[in-house]
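Dear colleague,

Please find the structure below.

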Amino acid sequence: MTKGYFVAIEAVPEIALSGQFTEWPTAALPVFIAMMFGGTLGGNATLIGASANVVAVGICAQSGEKVSFARFARYGVPIALAQLAVATLYVLALVWWF
């Protein structure tokens with residue numbers, strides 16, 4: 001085992017590692033959801049942001065259509081910003097709800 005593994009275990013309370021742990025603080029839920037949205041949707045902005053983007057561009061190249069980094073970003077950045085704006089509204093609603 002690496003040293004980083006032990007640090008990760010020590011950072012989490014022991015009870016949270018148990019299979020019976022189901023009681024997360026409600027204030028923490030919007031934070032976890034925001035981190036998931038940021039990691040998932042933020043990758044849509046650039047060609048190398050997500051592995052699916054690289055695969056899609058590879059398929060385009062095999063079909064004879066070249067997609068450059070700039071061309072991908074021209075479409076990806078506005079879409080990712082729109083997705084992140086909607087996700088932000090959702091997380092803010094969760095904060096208000098909880």
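**Findings**

Among contacts (heavy atoms within 4.5 Å) in the protein chain between residues at least 6 apart in sequence, 60% join residues at least 24 apart. This is a predicted model, in which local features need pLDDT of at least 70 and side-chain atom pairs count only at pLDDT 80 or more, while totals for chains, interfaces and linings use all residues. Residues are numbered from 1 along each chain as its sequence is written, and side-chain values use heavy atoms, leaving out hydrogens and water.

The protein chain contains four helices and zero strands; these are DSSP runs, with helices being H or I of at least four residues and strands E of at least two, numbered from the N terminus.

Helix α4 covers residues 69-97, and its 29 residues should span 42 Å at 1.5 Å a residue; the end C-alpha atoms are 40 Å apart, which agrees. The expected span is 1.5 Å times one less than the number of residues.

Buried residues (under 20% relative accessible area, with exposed over 50% and partly exposed in between, using a 1.4 Å probe and protein chains only) make up 16% of the 98 residues. In α4 they include F72, G76 and L94. Helices α2 (29-41) and α3 (51-62) are among what covers the buried residues of α4.

The axes of α2 and α4, lines fitted to C-alpha atoms over the stretch in contact, with angles from 0 to 180 degrees between N-to-C directions, come within 10 Å and cross at roughly 175°. The contact involves residues including F37 of α2 and Y90 of α4.

Yours sincerely
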